[in-house]
Structure formats: C-alpha cells, structure tokens
Amino acid sequence: MEGYKKQWDSGALSAISVFNIFIVMASSNEYSRRILNSPSYAEPCLVHSAKQVLRPDNWVFLTGKDHLAYRRGLNSLFTRRALGIYLSIQESIARKHLSKWLADAEKTSEAQPIMMTARHLNMDTSLRVFCGKHISEEAALEINEKYWAITQSLELVNFPLALPGTKVWKAVQARKAAMRWLELAAKRSKESMASGAEPECMLDEWVQILNDPNYKGRREFSDLEMAMVLFSFLFASQDAMSSGLIYGFQHLADNPDILAKVRAEQEVIRGGNYQKPLTLEMMDQMTYLNAFVKESMRVMPPVTMVPYKTTKAFPISDDYTVPANSMVIPSFYNSLHDPSIYPEPDKLMPERWLDAEGLANQNPKNYIVFGSGPHRCIGLEYAQMNIVLVLATAAVMMDFEHEITPLSSEVEIIATLFPKDGCHLKFTPRNP
Ligand code: HEM
C-alpha cells in the first residue's frame, strides 16, 4: 500500500512497467473519472488473469452497446422488490454466523482474526441470496473452501500461462467446481418456478421475471449463462464485501463513541425488540449506520484500483495521449482522501454524510468507492445494505474488543484492502 501511495502522489498521471506491460496510473479524481467514463477509448480489463478465471465468454467482458443491453436485464435483480426478498436471507445467515463466532469465542480467551470468518459469512450470504435452497450445504462448503484460490490469483499481472500448479491454474479449477454447482442451482430454480413456487432467491426472481408476459428483454438464458452471471457477481463481490465488512468491524471497535451511536439508533428503530425481523423500511431508518458504512469505505476503500485497457490512442489530457493497448488504472484513494472535499481526510467522521449541504454530499463525483460510468458497480445498494445489516446485527448481539497489534493499521492488498493482522477481535455476548 505504501508503494502505491507513493506512486499516486508522484503525479495525477504516472507510468510504470510490470512484466514489460506499459501501465499508466491515474490518481486524480478528474483523470480517474475520465478513464471510467470514456468507453470509446478504454474498457475494463479487470486483472490480467480475469479472462482465464471467469471464462472469456462471461458477460462482464462485453463492450459498448452489447454490455449495456445485457446489464440492463441484470438490473432487475437489484430492484427494491428483489432486495426485499434477499433481506431475510441475509439476516438469518448473519445471525447464524455471528452466533457461531460467539460460541467459538467462548472456547478461548484470545482475540481471533476475523479475516477468514468474515469471508465465510459473506460467501454463505452470497450463495444463499443468489441460489437459496437450490444449492446444497455440501456445495456451499466446497465453493467456500476453494474460493481462496481465486482471490489469490487476482494479482495485477500474473504469469501469462495457466500451467498446472500456478495460481491462475488453481483458480480455474476452483471456478470449474463452483460453476458445476451454480449451473445445477439454475436448473433447479427453473424447475421450482415452473411448479408455481414463490421466488425465494435471486435465481428464482430472475426466472420469474423472464417468464413474465410483460417482460420486454431477452427471455432465454441457459443454465450455464445464468451460472456465469452468478459467478461474475461472486467474483466482483467476495473480496470487496469482505474488505468493507472487516474494516467496518475494526472501525467500530476502535471508535466506541461511534459504536454507542449505532446502538442508540438500533434501540430506537427496533423499539427494544432485538428479535424482530428487519425490514427494508427499518434499513432505511438506519441513517447513522449507513453514514458510518459509507465513511468507513471512504477512509479504507475496498477497491482502490480498477485496471482498464485502451482500445485506441486515448488523449487523456491536453499534453498526453496514452498509446493504444496500454493498461490504464484509475485509482480511487486520492479522490476519497481529498482534503478540500473531506477535511481531515484520514479521520473517520460519519457526520460528514449527515449534512445534506456539507462538502461530502455536495461533491458526489468524488465518492468513487463503487466506480463511475457504464461499469459502475451493479450491486452497490445490495453491498451497502449487507454491510449495514451485518454490523447492525453484530452491534446488538455482541461486544467486540479489538486487540491492536503493530500490524493493525498497516494495509495489505490482496485484490482488495485488509488490515495486515487480519483484525483480531474478542467477542462476548451482549444482551441489551
Ligand atoms: C463493498 C462491496 C463492493 C465494492 C466496493 C464494489 C466495487 C466495485 C467497483 C469499484 C467496480 C468497478 C466499477 C467501474 O469500473 O467503474 C465494480 C464493478 C462491479 N461490481 Fe461491485 N463492488 C462491491 C460489491 C458488489 C456486489 C455485492 C456485487 C454483486 C452482487 C457486485 C457486482 C459488480 C459487477 C458485476 C461489476 C461489473 C459491472 C460492469 O462491468 O458492468 N459488486 N464494483
């Protein structure tokens, strides 16, 4: 992270070469947004290994109008109606995992890193939200276990051939295993919807929309195609959500005054009844917690860079044109830490988001945690809601104490940002 920071601070545009690949880094808000919003010059290339890991025929590699049309169809999976279906699944998985965290914490007096346990929570949530009962416990466990190989393959540039034993080869094997289960889930969902069942997960919602006589878009999606879409969602979300959640826990544990405000808000919204199931309306009322999550991801943005590739010579500024076929990398950190928009930029201040007239809310173009332009994150509302939901549940169920180590404030980039020590927390039950 320190190396990248130096690079970003060296200029609004700077260049490096990795494995002989010419890379232009953009660190200012203006240039980063220009790359993200210039689809006729630059397209996402994700990381170098992404085509092998995701399969080259995955929809995320579509460009221009084809990409727009495909994505328009997928937007229906994130409507408010759809989010309402996902909410109860998210809550029950969060409660299940947090209860297990508490039970495990009782067995030891030591604080434990949440790096892997938080990742498992996220994976379980994603698989159940996407596939509901159409994926077995065994499948969820296998995908969870193998997914780490995929995360490890997400280096900016990998060894170019997926030879046996390389990180990319291992990731491709993990994808194949996951895809088998996801295809089966798509098939089961279609059968379930054909039998007249009510939609209970994202796949069901999708199948039902496709069957709706008023639906105008494309209707035929094979099991494989649906599985590839779900896999693209897993790929795009697993690391970013884990990063957002882990720093959410760390920031709350390190700021008891903020945690107290989160709890006070929960008390009011839940009317003192901590067993009452959450609704979308209750989620909307969590103004302070939503501001905290937004701020936590500003201070520590899960995704700091998104590699793009120029499709032709790109006149990015008055005096510089990026050559065709170069990597161009918009970076988000400096935008999100710009002191003229976010005074005391390293300080966690949820309040900056509570004032509609304040600098932060008046400059939404700087908040590029979820990107900008035609490839802006499709799951951003769902992601924000999920992190809010897990932290809301944790805040009322448990006390957590951060064991600060020399590495707690150091940042490791494993595709996304993580505290270098994995965030050691000690959990104890809380009965408000
Ligand atoms: C805290 C969690 C998340 C963060 C920080 C995040 C961030 C991002 C960013 C920075 C991009 C690239 C945007 C660009 O190029 O302009 C992106 C794209 C994307 N995200 Fe997310 N994301 C998160 C969660 C999710 C979730 C939960 C899903 C799906 C369920 C998802 C699905 C996608 C997809 C499919 C794309 C590619 C969209 C396209 O190419 O049209 N993300 N995300």
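Trainee: Which strands form a hairpin with one residue between them?

Mentor: In this predicted model, strands E10 and E11 make that hairpin. The turn residue, Ala-415, has a positive phi of about 65°. E10 covers residues 411–414 and runs antiparallel to E11, with four bridges joining the two.

Trainee: Which residues on the two sides of strand E11 are buried?

Mentor: For a strand, one looks at each face in turn. E11 spans residues 416–419, and both of its faces are covered. Thr-416 and Phe-418 are buried on one side, while Leu-417 and Pro-419 are buried on the other.

Trainee: What separates the C-alpha atoms of Ala-415 and Gln-152?

Mentor: The separation is 7.8 Å, although the two residues lie 263 residues apart along the chain. Gln-152 belongs to helix H7, residues 137–152.

Trainee: How does one describe two packed helices?

Mentor: One gives the angle between their axes and the distance between those axes. Helix H13 (residues 287–299) and helix H16 (residues 380–397) have axes that come within 10 Å and cross at roughly 115°. Their crossing is right-handed. H13 contributes Leu-289, Asn-290 and Val-293 to the contact, and H16 contributes Gln-384, Ile-387, Val-388, Leu-391 and Ala-392. By class, these contact residues are six nonpolar, two polar and no charged.

Trainee: Which residues come nearest to the ligand?

Mentor: Of the 26 residues around the ligand, the nearest are Ala-236, Ser-237, Gly-371, Cys-377 and Gly-379. The elements giving two or more residues to this shell are helix H10 (223–254) and H16. H10 gives the most, with seven residues.

Trainee: How many residues of the shell around the ligand are nonpolar, polar and charged?

Mentor: The shell has 16 nonpolar, eight polar and two charged residues.

Conventions:
Residues numbered from 1 in each chain as written. Predicted model: local features only at pLDDT ≥ 70, side-chain atom pairs only at ≥ 80, totals over all residues. Axes fitted to C-alpha atoms, helices over the stretch in contact; angles between N-to-C directions. Left-handed = near helix turned anticlockwise from the far one by under 90°. Contact = placed C-beta atoms within 7 Å. Nonpolar A, V, L, I, M, F, W, Y, C, P; charged D, E, K, R; others polar. Near = placed C-beta within 6 Å. Buried ≥ 20, exposed ≤ 12 C-beta atoms within 10 Å, placed from the backbone. Pairing = 2+ DSSP bridges.
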